[in-house]
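Here's a model to look at together.

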Amino acid sequence: MANSYRCLVVDDETDIRELVVLTLERMGIQAESASNITDAKHMLHSFSYDLCLTDMRLPDGLGLELVQHINAQFPGLPVAVITAYGSAENAVSALKAGAFDYITKPISLKQLRPLVESALKLSLQKESQGANTVDLIGASPAMSYVRTMIAKLARSQAPVYISGESGSGKELAARLIHQNSSRKDQAFIAVNCGAIPENLMESEFFGYKKGAFTGAIQDTQGLFQAANGGTLFLDEVADLPLAMQVKLLRAIQEKKVRVVGSTVEETVDVRIISATHKNLNAMMEKGEFRQDLYYRLNVIQLKMPSLRERPEDIPELTERLLGKLCLNQSISKPGIAPEAKVYIQQLQFHGNVRELENMLERALALCDGQTIAVGDLSLEDMPEAPISDRPAMPWDTPAIEERVATPHAEVALPLEYTTSPSAAAGSTMLPMDVSLSDYLEDIEKRTILQALEKTNNNKTAAAKLLGISFRTLRYRLSKLGLSKEQDVEDADGEEE
């Protein structure tokens with residue numbers, strides 16, 4: 001490692017200071033030391049450092065004070081905290097205060113070296129332009145807040161708990177945190193905790209030795225070993241049984257795991273990111289989730305907003321997802337009918353982005369290849385999608401500039417978009433004095449009747465003209481109360 005790196009070690013115990021300084025010098029790092037907070041602050045203001053290691057308890061105060069001082073005065077400088085053995089509360093407090101990571105006493109060189117290497121990689125990134133979050137679609141205040149949080153979380157080693165509804169993008173956020181961190185060159189291992197049988201959990205997470213149980217014919221590494229040096233994403237962590245929660249807590253707290261069939265623990269360097277759509281607080285009250293594990297996982301929380309909380313992102317999301325689906329299927333991207341745009345924006349999307357993507361994939365299969373109509377967005381054997389009463393957003397712009405700059409804020413429509421019913425003809429905006437359901441019914445009725453008139457009431461030809469299946473047309477006629485009327489006209493035509 002190059003000699004250009006410089007580290008400050010702050011500890012009041014001489015033997016620990018000397019051990020850490022000697023280790024850093026052997027790694028090619030110039031190390032300097034201080035025995036208290038006052039001297040450390042003076043040295044920080046006198047010299048430039050790439051990393052700071054500080055003890056939690058010092059003669060003139062707590063290491064947390066130094067962590068907060070560094071975050072305020074030297075943003076971008078990684079600081080790690082040295083804590084006493086078993087003091088999990090101190091470690092959590094340090095991480096919440098902004099520490100990059102922590103290490104427990106007695107100091108293990110196997111843990112110290114990877115911590116220092118990760119911190120120095122992070123130090124090299126402090127001049128970068130920011131986190132790469134291009135995969136996060138949307139320019140709403142809620143998504144801007146998520147991007148800001150991801151950039152901050154990527155510069156830390158603290159465990160992150162991502163909450164949010166199913167389909168809101170929790171795994172994507174976890175991947176972006178990893179990809180923008182100092183661990184980006186190492187593995188990102190994602191596991192659904194609810195998909196592993198309870199009797200196999202320990203061997204899956206920690207690995208097993210040959211002969212540990214029937215069928216163990218060779219040594220096999222677990223998820224923690226596979227993610228060593230990288231990130232382990234525990235999706236649906238609420239599904240972990242209580243017995244496994246105890247073992248996971250120790251692995252996270254001590255940064256060591258015991259392979260099934262082994263008598264010794266081995267050190268692992270893994271960052272934990274967890275997620276679930278369930279309410280962990282409610283589960284703790286019922287005794288279904290350990291409180292100590294919750295506070296170990298939930299050092300920093302990131303909430304992913306639902307699609308209902310960012311309706312202004314729906315147009316951009318729809319177009320981007322549709323483009324991705326068409327690219328994957330090697331087909332031309334169809335347009336979206338104006339009434340279909342209004343319909344999409346008024347859906348509640350309880351399945352969030354995943355539900356929107358599934359709906360668009362279905363619409364691609366049902367449409368005529370040129371235009372996606374309202375009928376292509378739903379199937380007759382599916383329940384009616386819940387409709388909200390929020391106003392439709394302008395489709396051509398992914399976000400409105402005149403918005404309140406706070407996360408999850410209501411977005412007000414500009415005056416020019418509040419059109420009268422007469423001005424709304426041919427527009428994607430909903431007239432203010434007409435309910436959404438009546439508006440859509442009227443457009444659909446007129447469109448279907450025009451198609452039937454053009455094809456002399458030939459339903460097969462009309463369905464083809466509308467770009468929908470014959471079965472879908474019959475369903476829409478029945479739903480709109482047009483089937484009896486058309487049957488009479490068809491019968492009159494046959495008599496003639």
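Q: Why are α13 and α15 called oblique to each other?
A: The axes of helix α13 (residues 314-329) and helix α15 (residues 352-366) cross at roughly 50°. Angles under 35 degrees count as roughly parallel, over 145 as roughly antiparallel, 65 to 115 as roughly perpendicular and the rest as oblique, so α13 and α15 land in the oblique group. Axes here are lines fitted to C-alpha atoms over the stretch in contact, and angles run from 0 to 180 degrees between N-to-C directions. Helices are DSSP runs of H or I with at least four residues, strands are runs of E with at least two, and both are numbered from the N terminus.

A quick word on the source: this is a predicted model, where local features need pLDDT of at least 70, side-chain atom pairs count only at pLDDT 80 or more, and totals for chains, interfaces and linings use all residues. Residues are numbered from 1 along each chain as its sequence is written, and side-chain values use heavy atoms, with hydrogens and water left out.

Q: Which residues make the contact of α13 with α15?
A: Contact means heavy atoms within 4.5 Å. On the α13 side, the residues include L317, L321 and L325, and among those of α15 are V353, L356 and L360.

Q: What makes K41 and E65 a salt bridge?
A: The rule asks for a side-chain nitrogen of Lys or Arg within 4 Å of a carboxyl oxygen of Asp or Glu. K41 and E65 come in at 3.0 Å, N to O, so they qualify. K41 sits in helix α2 and E65 in helix α3 (residues 63-73), so the pair ties together parts that are 24 residues apart in sequence. By this rule the count comes to 18 salt bridges.

Q: Why are α2 and α3 called roughly parallel?
A: They pack at an angle of about 15°, with axes 11 Å apart, and α2 and α3 are therefore roughly parallel to each other. In α2, I37, A40, K41, L44 and H45 meet E65, L66, H69, I70 and Q73 in α3.

Q: How do you know that β6 and β7 pair?
A: Two strands pair if DSSP finds at least two bridges between them. Strand β6 (residues 79-83) is joined to β7 by 4 bridges, and the two run parallel. In this pair, I82 stands opposite I103 of β7.

Q: What is the order of the strands in the open sheet?
A: The 5 strands run β2-β1-β3-β6-β7, with parallel pairing. The edge strands are β2 (30-34) and β7 (101-104), each pairing on one side only.
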